[in-house]
Amino acid sequence: MNVSECLSDLTLINDEMLIGDVVRNIIRMGPHEEPLHVLDLDDVVRKHYGWRKQMPRVKPYYAVKCNDDPRILQTLITLGTGFDCASKGELERMIGFGVSPERIIFAQPAKSISSLLYARSKQVSVMTFDGAIELDKIHRYYPEAHLVLRIRHDSLKVRCSLGKKFGCDHVTEAPELLQYAAKLRMNVIGISFHVGSDCDEHEVYHEAVKVAKDLFDYAKGIGYTFTLLDIGGGFPGDNNKPIDRYAKAVNEAIDHYFPVETEIRIIAEPGRYYVASALTLVSFVDSKRMLKETQSDGTEKTRMYYFLNDGVFGSFFCTAHEGQQAIPIVERKPGTQEYNSSMWGPTCDVMDLIVPDIWLPELDIGDSVVFENVGAYGYVLACRFNGFPLPKVKAYLRERTWKILQGMNGAVSSLSTRTFDNSDGKLLITQESYTPIAEATYSV
């Protein structure tokens with residue numbers, strides 16, 4: 001299947017237009033029954049070139065699980081990234097898009113037999129393992145696979161610690177697994193680790209690379225010559241979280257332990273980095289409720305409850321289950337009184353709470369509420385609980401970037417596009433208006 005067949009909803013905007021202009025026009029045409037994700041593909045392109053500039057030795061293999069919107073995947077295919085797949089479904093999708101097996105790592109330490117056989121049939125040979133039973137299974141169903149041993153090296157400052165589920169101990173387990181793999185005559189080609197999702201501790205990458213180098217040396221002593229180091233993911237992607245310090249730690253570590261002359265191939269599995277800031281949610285107030293709460297001193301305090309058309313079962317799974325803060329951006333109308341407020345999703349579930357406590361100017365039914373940085377693990381984790389629709393994703397790309405992508409890959413030229421009209425030239429929301437603070441508002 002040609003990847004161009006997957007893209008029928010892409011709107012071109014002029015080079016000077018901010019994504020805030022797009023959001024402003026969506027709000028002007030609202031309210032909308034469905035929540036809307038505004039996808040800025042230029043942001044994905046900027047992130048890619050930012051990665052290449054800051055970590056030139058580390059090839060990104062995008063984690064498909066993070067956001068599998070076909071327009072994001074098409075853009076990254078055109079830009080030449082690799083892809084981290086963790087299921088048969090993700091493998092089928094990327095192979096179906098025409099991605100060569102050499103650009104895929106099957107980074108799933110607990111693979112089903114059917115997915116293993118599918119990978120073998122498509123010659124996706126590079127894959128991870130972290131235990132003897134998994135090694136036995138691969139030996140039986142895909143003995144010629146190129147294996148990467150995943151070790152555990154958790155950061156203490158992460159949103160989600162993946163080491164609870166995957167990764168062997170580098171001291172007590174890894175040497176025995178390498179010996180067992182050698183006994184089975186399995187082709188182990190390197191080491192991988194993942195410090196955890198949305199890491200806030202850049203130093204941990206340096207430490208993990210050092211541990212990996214020790215295992216490279218150990219493997220050489222038992223007959224292996226490793227050629228691949230996979231430093232995993234964990235890199236932040238919100239628009240106020242640059243990766244400079246992470247890049248510095250990674251570059252210093254790989255240059256010290258794996259200098260260029262060693263010819264070790266180094267890859268990573270960024271997901272959140274590429275897409276978190278690429279999507280902005282435009283939601284609307286479906287209903288509201290005013291409560292009078294009696295305080296401990298006997299006084300009354302007014303609290304506003306706002307019920308939006310998106311919630312925890314839509315874009316905010318990570319808010320409820322991983323503590324990711326949701327920061328609403330609302331319009332400040334002249335003379336509007338502020339209240340202590342809560343924001344809820346549309347379902348009947350009491351767990352559908354987006355923002356528990358925040359001071360906001362009073363909102364009316366139909367008013368918009370904007371949230372930035374919803375691109376990572378938002379749409380892919382959404383469901384239709386209570387019969388509410390999934391957010392609708394609208395993708396935008398600047399004309400200059402479109403021409404660049406056309407030149408890189410002819411398949412892009414046949415994609416169906418529309419041109420966005422902003423002829424009135426008025427701005428309601430600009431990028432400068434998106435202030436990430438509790439009382440964030442935009443002005444008319």
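## Burial and overall composition

In this predicted model, 55% of the 444 residues of the protein count as buried. The accessible surface amounts to about 19300 Å², and carbon and sulfur atoms supply 50% of it. The secondary structure consists of twelve helices and 19 strands.

Among contacts with a sequence separation of 6 or more, 71% are made by residues 24 or more positions apart.

## Confidence

The mean pLDDT of the protein is 87, and 87% of the residues score at least 70.

## Nonpolar cores

In soluble globular proteins, nonpolar side chains tend to be buried together. The largest nonpolar core of this model comprises 108 residues. Within this core, the residues with the most contacts are Met94, Leu229, Ile231, Phe235, Met343 and Phe371. Helix H8 provides the largest share of the core, namely nine residues. Another core, of 14 residues, lies apart from it and includes Ile19, Val23, Val282 and Phe284.

Phe235 illustrates the contacts made by one of the residues named for the 108-residue core. Not counting residues up to four places away in sequence, Phe235 touches Trp51, Met55, Tyr205, Ile243, Tyr246, Val250, Ala268, Pro270, Arg272 and Tyr273.

## Aromatic pairs

A pair of aromatic rings is described by the distance of the centres and the angle of the planes. The model contains 14 aromatic pairs. One of them joins Tyr205 and Tyr246 in an edge-to-face arrangement, with 6.2 Å centre to centre and 80 degrees between the planes. This pair links distant parts of the chain, as Tyr205 belongs to helix H8 (residues 203–221) and Tyr246 to helix H9 (residues 244–257), 41 residues apart. Tyr205 and Tyr246 are both buried. A further edge-to-face pair is formed by Phe216 and Phe226, at 5.2 Å centre to centre and 90 degrees between the planes. Phe216 lies in helix H8 and Phe226 in the loop between H8 and strand E9 (228–230), so this pair ties together parts that are ten residues apart in sequence. Phe216 and Phe226 are buried as well.

Ring pairs also join Trp51, Tyr62, Tyr205, Phe235, Tyr246, Tyr273 and Tyr274 into a cluster.

## Charges over rings

At Phe106, the charged end of Lys111 sits over the ring, 5.9 Å from its centre.

## The setting of Asp286

Asp286 lies in strand E11, which spans residues 279–294. Its relative accessible area is 42%; because this value falls between 20% and 50%, the residue counts as partly exposed.

Leaving aside neighbours within four places in sequence, Asp286 is in contact with Phe307, Leu308, Asn309 and Ile365. The C-alpha atoms of Asp286 and Asp364 are 9.0 Å apart in space, while the two residues are separated by 78 residues in sequence.

Technical notes. Residues numbered from 1 in each chain as written. Heavy atoms only, no water. Helix = DSSP H or I, 4+ residues; strand = E, 2+ residues; numbered from the N terminus. Buried < 20%, exposed > 50% of the residue type's maximum accessible area, 1.4 Å probe, protein only. Contact = heavy atoms within 4.5 Å. Phe/Tyr/Trp six-rings, centres within 6.5 Å; stacked < 30°, edge-to-face > 60°. Lys NZ or Arg CZ within 6 Å of the ring centre and 35° of its normal. pLDDT = per-residue confidence, 0-100. Core = buried A, V, L, I, M, F, W, Y, C linked by side-chain atoms within 4.5 Å. Areas by Shrake-Rupley, 256 points an atom, 1.4 Å probe, with all protein chains shown as cover.
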